[in-house]
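Me: I would like to understand what the words for touching surfaces really mean when they are applied to a model. Could we go through them slowly, one term at a time?

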Amino acid sequence: MADFLSLSGWLIVLLQGILFLLGAPLLAGWIRFVKARLQNRRGARIIQPLQDLYKLFGKEALVAHTASLVFRAAPYVVFASALVAVSLVPLLATNLPSAMAADMIVLVGLLALGRFFLALAGMDVGSSFGGMGSSREMMVSALAEPAMLMAVFTLAMSAHSTNLSSVVDFNLANGLILRPSFLFALLGLMLVAVAETGRIPVDNPATHLELTMIHEAMILEYSGRHLALMEWAAQLKLMLYGVLIVNLFFPWGIATGDTAGALLMGLLAVTVKLLLLGVVVAVMETVLAKMRLFRVPQYLNLAFLLTLLGLFSHIILETGT
Amino acid sequence: MEALNLALLGVVLALLSAGFALFSSHYSVLTRWLVIPLLGLSGLLVAVAGMQLLLSGGAVFTAELPFGLPWLAWHVRLDMLSGFFLLLIGVVCVAVAFYAPGYLREFEHGRGSMAVLGGFTGLFVAGMQLVVLADDAFLFMVAWELMSLSSYFLVTFQHENAANRRAGFLYLMMAEIGALCILLGYGVLAGNGHGFAFDAMRSAQVGGLWATVAFALAFLGFGMKAGLLPVHAWLPEAHPVAPSHISALMSGVMLKVAVYGFIRFSFDLLGGIQWSWGVAVLLVGSISALMGVLYALMQHDLKRLLAYHSVENIGIIFIGLGLSMVFEGAGHHLLAALGLVAALYHTINHALFKSLLFLGAGAVLHSSHQRDMEHMGGLLRLMPWTGLFFLVGCISIAALPPFNGFVSEWLTFQTALQAWSLENGVLRSLIPVAAAILALTGALAAACFVKVYGVSFLGQARSKQARKAREVDMGMRLGQGFLALLCLLLGVLPTTMIHLIDAIPRQLLHTGLDKAMAHGWLWLTPLGGQTASYSAGLVLLGLLAAWWLAALILRRGGVRQVRRCDAWDCGFSPLNARMQYTATAFSQPIRRVFGMLFAIDESVKHDESGQLRHSLQVGDRLWGWLYAPVIRSVLQAGRVAGRLQTGHLRNYLGWTLGTLVVLLWLIS
Amino acid sequence: MNMSHLPLLQQGIAVLAALVLFTSFALLAQTRLTSAIHSFAWQGAGVALVTALVAYSSHTSHLYLSAALTLGLKSLLIPWMLHRLVRQLNMERLVENIAHPAVLLLTGAALVIFSYWVSLPIEKLGLGDTRNIVAISLSVVLLGLWMMVSRRQVIAQVLGFMSMENGLFLAAVASTRGMPLVVELGVAFDVLVAAVLFGIFFFHISESIESLDVDRLNRLSEREEHS
């Protein structure tokens with residue numbers, strides 16, 4: 001258990017927060033860059049999303065006549081919930097003071113809070129696209145939630161804890177073990193992450209005006225700084241899932257103390273891991289086609305099945321009688 | 001002793017309120033200035049009594065009332081469990097008392113008599129308080145019937161409408177069948193304990209099969225009142241048709257009294273809990289939760305939707321209770337205590353947010369005369385306070401941090417996560433599946449309340465009445481605001497609440513959550529900090545800090561004002577209200593995914609004028625599977641029995657003679 | 001038994017066994033015949049690999065032969081034959097319509113729990129480190145049978161049947177270090193012959209009722225009644 005009042009701990013939390021805020025747009029840019037290269041395009045620079053955000057912050061925000069206060073508050077709630085969520089995740093080091101404030105279930109809850117307001121904002125203007133996006137988003141997330149929780153369960157049942165730091169510590173302490181349950185949980189979590197962050201094949205972050213869009217439909221009416229916050233929150237969420245996947249299942253390299261060397265090592269490790277994950281995502285997005293909306297339930301069924309099998313194999317194969 | 005006297009005084013005040021209501025049909029001002037304040041005062045007294053008891057941390061008071069039969073006086077008893085439920089009843093009563101005067105204003109000139117409404121409300125509240133206080137099966141059943149019958153009259157208050165009469169009849173019938181089951185359950189216990197007093201039942205050991213029979217009867221009886229699947233059919237019919245403040249009392253409090261009865265019966269009186277009962281409760285709870293929310297999603301009548309959500313939330317409460325019973329049966333007392341705390345926490349949470357939502361729905365109904373969400377829209381701008389409080393209710397019921405619904409679901413998840421400590425491998429794999437169902441339920445509830453809030457409070461007005469809606473008066477706002485504030489407080493200060501609730505498992509299971517506050521009141525660590533921790537205060541603080549940070553960054557460069565303009569909507573022609581997503585459209589994807597669970601009757605036809613008409617009926621499959629066969633067989637039996645009705649007087653006399661002879665033969 | 005106490009080899013066996021179980025589910029859910037055949041081939045490969053690992057860890061040389069046999073037969077030859085058959089019958093693009101895929105899979109999951117429950121006493125006998133795989137093998141058998149119950153296409157049924165055989169083989173390998181080689185050879189030969197015979201039957205069935213839907217097989221009897 002981390003010391004709540006350790007100053008250096010809070011400094012690391014702050015550093016992590018800044019790294020998340022800056023790294024999230026870069027990760028999105030990296031995926032876009034690799035994807036462009038895979039498709040034989042030159043593609044924009046990696047820092048393009050950061051520049052987009054900067055530009056959007058300077059632009060005037062337009063709000064529809066029909067919009068209410070919810071529409072204006074939503075970007076802040078969505079952004080704040082994403083920011084709080086990422087500050088709970090061990091990026092560079094474990095046993096941070098912030099980790100005790102919430103466990104994995106609270107993390108899921110915070111993401112749900114952001115999604116709730118995002119969907120409300122979609123409904124607020126009263127346009128047909130917004131409602132469509134909200135309706136679809138809520139369906140996708142409702143089906144993704146059980147799979148997500150089953151993956152959390154599998155991890156938590158092995159580590160006997162839902163605290164993220166404890167799970168990471170557990171995996172570090174045990175070294176490399178081939179666990180069938182973790183394999184399935186990892187696959188399931190990756191499928192869920194794709195659905196929750198609106199990537200291909202569930203949603204396409206690069207299109208507008210397509211009848212299949214989900215996330216973009218909800219933020220269609222946003223502009224200026226509101227749009228910037230929404231985009232930033234979405235990028236934070238993408239990076240959050242990325243860090244969860246790499247640090248929960250492959251925690252090696254993460255700092256357990258708070259020396260500068262260990263932190264630097266942790267930063268290096270997580271950067272390499274995230275870059276690799278970005279390549280995987282880019283390859284998947286290049287190879288796969290976006291699927292029909294009503295194929296998504298089957299896709300999420302598969303995710304749930306995987307995580308369920310993970311749980312079963314934990315119980316059947318990994319725990320003795 | 002003081003607490004018990006206070007509680008009894010509360011009951012007397014509720015009865016007095018019922019008595020004064022009799023005069024209110026002549027003096028309508030009485031309702032507003034005497035009947036309802038008395039009810040509120042009664043609520044306040046019982047809440048204070050309950051709080052006093054919970055703070056005392058383990059006191060038990062008993063007394064004997066000078067009523068009842070000569071050899072069977074009425075006993076009352078106030079322990080932790082009754083104290084908790086008194087607190088819950090009292091708080092909602094207070095909120096309703098703020099709310100009711102404004103809400104009832106338009107009823108004063110309506111056709112229904114205020115005397116009926118006020119009188120039965122008083123009796124209803126008194127009945128609920130007495131159920132919780134009762135210490136023998138006799139008083140319990142009398143109070144139970146008082147509660148059921150008076151609420152029947154409240155459901156049928158607007159009886160001009162045939163649908164209301166039908167709903168009332170269904171309610172009465174199922175309530176009586178349930179009461180019969182409970183009575184039989186008590187009969188089994190009384191037969192073993194040789195007495196109707198709860199003390200006798202508690203000390204008696206019921207063995208083997210009889211224990212299971214008693215449990216099954218109680219589960220069926222209390223489950224029927226609580227609205228568990230598959231005996232929930234009365235709930236979505238009866239709750240919406242009552243006046244809204246009564247709906248709040250019924251959904252928020254009466255269902256909880258059934259939960260109280262179940263806990264009292266199985267944890268306290270019956271004892272010796274077996275894990276297989278827990279599995280049954282867990283199963284029924286999970287199915288109720290999932291089906292409740294799925295049916296709720298298909299509704300577009302606001303109050304009916306909320307009623308189906310009661311089925312869902314009662315299901316969640318029973319998931320917690322089921323987990324507690326499984327662990328208790330397997331000998332893990334600490335985890336059993338955790339499950340019980342989770343269930344009780346959700347009980348009070350549901351009482352708060354469901355009452356809040358029903359009061360909000362009532363405010364909308366009062367001001368726009370609409371119950372159908374498809375005719376609402378844009379209400380947030382016309383009714384900002386109601387809109388704000390309703391939003392709090394929506395966030396709470398959707399189990400989102402940092403509000404109260406999340407805390408109890410988190411506790412339930414934590415209980416389920418301890419499944420690894422069980423010996424039985426099958427249970428180890430079944431409990432996580434139940435937890436997955438709970439997760440699905442929570443996410444679907446969030447979807448449902450995005451629909452509710454988005455369709456009714458956001459967007460543009462869909463009807464003329466919705467456009468003319470006005471904010472409700474101060475009292476109604478106060479009632480809602482009070483509950484909304486409590487929702488937030490219970491979400492942010494979970495440790496304080498758990499500290500209060502903790503006394504209940506200590507008394508019932510002799511184990512408490514010792515480590516819940518091991519790291520200070522800011523952190524909720526039900527099983528120690530290593531296992532799981534949640535600090536609602538820090539999360540709220542973090543959210544506010546992040547908000548402030550975002551606002552701070554944006555205050556620097558850039559343009560600060562926002563410009564109002566027309567909605568873009570991808571450049572289509574100007575928006576009108578009919579272009580919005582409707583409630584039916586919103587739930588279409590989910591309807592399609594879970595299609596096989598509903599009885600869907602959908603058709604698209606050309607009507608006489610050649611216009612396309614879409615009609616959609618989503619029904620309850622259980623009607624066809626369970627209720628229709630029962631109704632058919634009852635009718636069949638009635639027809640057979642009807643043959644006795646020949647219409648000849650001498651035949652009837654013959655039946656009488658025959659019965660007399662048989663009876664004499666039997667007793668000889 | 002704790003995973004971290006097992007040697008890496010045993011961990012590998014556990015992972016592969018879990019993957020075999022996953023391919024069973026994949027078989028169950030695949031609506032496209034060719035993909036289902038692929039899943040079956042992967043299952044065969046998984047079983048072969050488990051066999052090879054068990055052979056390595058227990059130094060049982062005849063298991064290497066069974067592994068090779070399994071690989072050749074169940075993951076290469078039979079899938080290839082079925083593939084050819086599907087091509088000849090022009091059924092490559094056939095997609096079977098499953099009414100409720102979620103129910104199908106959830107029932108499958110329930111069968112897994114059930115077989116775990118059933119095999120608990122067997123595991124208590126303690127048959128070495130791989131005893132937990134018995135539950136997995138039993139699930140594979142039950143899932144194969146469930147596939148035969150729930151699917152209508154004859155080829156899907158054959159796949160279900162063959163995957164049952166995979167499950168049995170896995171159980172034998174995991175719990176008793178395999179059956180005597182003669183028995184295994186015999187079973188392998190039987191499976192091969194069965195595959196050939198099935199192929200011949202398919203042609204006849206599809207010629208006589210112009211479909212491979214087993215629900216229509218009852219027509220055969222009706223036709224006789226009429227004539």
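Reply: What follows takes two interfaces in turn and sets each value beside its definition. This is a predicted model, in which local features need pLDDT of at least 70 and side-chain atom pairs count only at pLDDT 80 or more, while totals for chains, interfaces and linings use all residues. Residues are numbered from 1 along each chain as its sequence is written, chains are lettered from A and ligands numbered from 1 in the order in which they are written, and side-chain values use heavy atoms, with hydrogens and water left out.

Me: What makes chain C and chain B count as being in contact?

Reply: Contact means heavy atoms within 4.5 Å, and 5 residues from chain C and 6 residues from chain B take part, so the word applies here.

Me: How many Å² are buried between chain C and chain B?

Reply: Buried area is the accessible area (1.4 Å probe) that two parts lose on being put together, summed over both, and for this pair it comes to about 480 Å², with carbon and sulfur atoms giving 82%. On the side of chain C, the residues that lose the most area to chain B are C:His100, C:Ile113 and C:Tyr116, together 72% of what that side buries.

Me: How many salt bridges and polar contacts are there between chain C and chain B?

Reply: A salt bridge needs a side-chain nitrogen of Lys or Arg within 4 Å of a carboxyl oxygen of Asp or Glu, and the count is 0. A polar contact is a pair of N or O atoms within 3.5 Å, where within protein one must be able to donate a hydrogen and the other to accept it, and residues adjacent in sequence count only if both atoms are side-chain atoms; 1 residue pair qualifies, both at pLDDT 80 or more.

Me: Which parts of chain B are called domains?

Reply: Domain bounds come from an automatic or database domain assignment, which divides chain B into domain 1 (274-552) and domain 2 (594-604 + 613-641). Their centres, taken over C-alpha atoms, are 31 Å apart.

Me: How much area do domain 1 of chain B and domain 2 of chain B bury between them?

Reply: They bury about 620 Å², 77% of it on carbon and sulfur atoms. In domain 1 of chain B, B:Leu294, B:Tyr295 and B:Met298 lose the most area to domain 2 of chain B, together 70% of what that side buries. Between these two domains there are 0 salt bridges, and 3 residue pairs are in polar contact, both residues at pLDDT 80 or more.
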